[in-house]
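Hi there,

Here is the structure I promised to pass on to you.

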Amino acid sequence: MEGIKQELDRGMSKSIESLKNQLSKVRTGRASANVLDGVMVDYYGSPTPVKQVGQISTPEARLLQIQPFDKTLIPEIEKSIINANLGLNPSNDGNLIRIQFPALTEERRKEQVKEIKKLGEDAKIAIRNIRRDGNDQVKKSEKNKEISEDDSKKFQAEIQTITDSFIKDVDKVIETKEKEVLTV
């Protein structure tokens, strides 16, 4: 049964990491290099992450700067950011690309919070599905007489405790991101 617990832990941890990754892409009105994760630039015929073709910095709270290692890439980087549909409008002065982050309106903040809650609920569903799979494995072991009924109930209770712990983690991550969106 230790194998089942390890599998649960691994799967539920992946769900939390996936949630954090998704939330890092949610705009908060502050400049964050994470917004550019997943934006690929055509670097001499090879798709390359923006992070690898230039230095990204945040000189101000709502300004992101990209200093390309190769200035000939500036138009390509701009095009990639626009095509990523992030709602960002890059501008360049021939040396740097600047991306101004507009302040979020109250309405937009509320939409962001709804999106955050939906991502949190999706993570909880994934965790509950993993719990169901673990419980199914325990019940199958009991049915095959590999473990007793008492052990089965004990393992299912442990699985529920693990699940509850991960659900609380999801709630904390969501609450933190909501505060980040609502207070700028």
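Please keep in mind that this is a predicted model. Let's begin with the sheet: it is open, with four strands in the order 3-4-6-5, and the pairing is antiparallel. At its edges you will find strand 3 (54–60) and strand 5 (90–92), each of which pairs on one side only. From one strand to the next, the twist averages 25°.

If you zoom in on strand 3 and strand 4 (residues 63–68), you will see that they run antiparallel and are joined by five bridges.

Helix 1 (residues 2–24) packs against helix 4 at an angle of about 10°, and their axes are 11 Å apart. Angles under 35 degrees count as roughly parallel, so helix 1 and helix 4 are roughly parallel to each other. Among the residues making this contact are Ile4, Leu8 and Met12 of helix 1, and Ile159, Ile162 and Phe166 of helix 4. By class, the contact has twelve nonpolar, three polar and six charged residues.

Helix 4 (residues 149–182) also packs with helix 3 (residues 106–143), at an angle of about 170° and with the axes 10 Å apart. That makes helix 3 roughly antiparallel to helix 4. Their contact has 13 nonpolar, eight polar and eleven charged residues.

Enjoy exploring!

Best wishes

Definitions and conventions
Residues numbered from 1 in each chain as written. Predicted model: local features only at pLDDT ≥ 70, side-chain atom pairs only at ≥ 80, totals over all residues. Heavy atoms only, no water. Axes fitted to C-alpha atoms, helices over the stretch in contact; angles between N-to-C directions. Helix = DSSP H or I, 4+ residues; strand = E, 2+ residues; numbered from the N terminus. Parallel < 35°, antiparallel > 145°, perpendicular 65-115°, else oblique. Nonpolar A, V, L, I, M, F, W, Y, C, P; charged D, E, K, R; others polar. Pairing = 2+ DSSP bridges. Contact = heavy atoms within 4.5 Å.
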